Structure formats: structure tokens, C-alpha cells
Amino acid sequence: MALVRVISSDGAAFLVSQRLAKRSGKLKTEIETFRKSSDNSEAQPEIRIVTIRAEILRLVLQWLQQHQNDPVLPANQNEQDGRGDAEMGQSQWDRDFLAPMDLGIVMELILAANHLEVKGLLDITCKLVESKITGRTVDEIRTAFKLKSDFKGNEEEQTRLENRWCVEN
């Protein structure tokens with residue numbers, strides 16, 4: 001089995017089958033580029049991912065492993081094309097995978113899935129964040145994401161008063 005060595009931003013190396021790695025659009029492109037530029041067809045590609053730390057890369061690879069037999073969705077495919085939740089990656093395994101994660105980790109997974117072009121993982125992580133903010137107040141969202149207001153004094157109240165038309169029914 002052909003392997004690729006994927007190295008995280010903090011130097012952790014992961015040996016991954018090329019078949020699995022190619023489920024990521026970015027890794028697939030990197031492997032193909034390596035093959036075209038290498039004189040040695042037997043050489044093992046080494047791909048450095050300078051934007052993703054080991055903990056997050058491990059989670060992405062774990063997700064890819066679980067979903068290795070799923071159809072690869074094109075990056076531009078509309079998720080509202082008639083597929084049900086199970087087909088969109090909303091399996092029990094996915095729910096169990098995401099359940100223990102705090103929102104900081106989920107946000108890093110979103111960035112990693114986007115960077116590595118792993119559409120299925122990007123979809124389920126974005127849906128999780130959507131579920132955390134839909135129907136919530138600004139203050140509840142700030143609490144959930146551990147955000148601080150950047151308004152000073154009564155600026156926030158003034159802004160709400162000036163723009164109340166956009167939240168009134």
C-alpha cells in the first residue's frame with residue numbers, strides 16, 4: 001500500500017494511505033504534484049500542513065478513516081440536493097465524534113476541513129455551529145463562543161436602538 005507522510009504545524013507526522021489522503025482535495029493535489037515532479041516513482045510523498053496542529057489533523061484523519069467508503073462530494077455540490085441526513089454525514093458516529101468537542105476545537109476543525117478540502121467534514125462541523133447559534137441571543141452566542149463585546153460604554157445599546165427595525169417582527 002502506497003503511503004504519504006503528512007506533517008502537522010507542530011511537527012507530528014502521520015503515515016496515511018494515499019487512498020485515504022486523496023479523499024482530501026488538497027492532499028490529493030499535493031500527492032499528484034509530488035508524483036509529477038519526482039524522479040523516483042517509489043518515493044513516499046511528504047506533505048507539510050503548516051496551518052493545522054497535530055490534535056486537529058488527527059481528528060481530520062480519524063474522520064476520513066471512518067468515511068473512507070463514502071462518495072467524495074465535489075466542493076461546489078449543493079447540500080440541499082435531496083440527500084437525507086444519513087447521506088450528509090449525520091450518522092450516529094458523526095454525532096458521537098463531535099459531541100465531546102468544545103466549540104474552539106470545532107472551529108479549528110472547520111478551518112482544517114476547509115483548508116484540506118474535506119467537504120463532508122466541513123458540512124457537519126458548520127451544521128453543528130449553526131445549531132449552536134440559531135435562535136440564540138447575541139449574549140448567548142458570546143457566551144457559547146467565549147467572545148467579549150468590543151463595544152464601549154453604551155455603544156451596544158445605542159446600536160441596538162438604531163437598528164431595532166432589523167429584529168422587530
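Residues are here called buried under 20% relative accessible area, exposed over 50%, and partly exposed in between (1.4 Å probe, protein chains only). The structure is a predicted model, in which local features need pLDDT of at least 70 and side-chain atom pairs count only at pLDDT 80 or more, whereas totals for chains, interfaces and linings use all residues. Residues are numbered from 1 along each chain as its sequence is written, and side-chain values use heavy atoms, with hydrogens and water left out.

A search of the whole structure finds nine salt bridges, a salt bridge being a side-chain nitrogen of Lys or Arg within 4 Å of a carboxyl oxygen of Asp or Glu. In one of them, Glu 55, which is partly exposed with a relative accessible area of 37%, meets Arg 53 at 2.7 Å, N to O; Arg 53 is likewise partly exposed, at 29%. Glu 46 forms a salt bridge with Arg 48, with the closest N and O atoms 3.5 Å apart; Glu 46 counts as partly exposed at 42%, while Arg 48 counts as exposed at 56%.

Helices are DSSP runs (H or I, at least four residues), as strands are (E, at least two), and both are numbered from the N terminus. In helix H7, Asp 139 and Arg 142 are separated by about one helical turn, because they are three residues apart, and their side chains meet in a salt bridge of 3.4 Å, N to O. Asp 139 is partly exposed at 45% relative accessibility, whereas Arg 142 is buried at 16%. Both residues belong to a network of salt bridges that also links Glu 156 and Arg 160.

The buried residues of H6, among them Leu 121, Ile 124 and Val 129, pack against helices H3, H4, H5 and H7, where contact means heavy atoms within 4.5 Å.

Most residues other than glycine have a negative phi.
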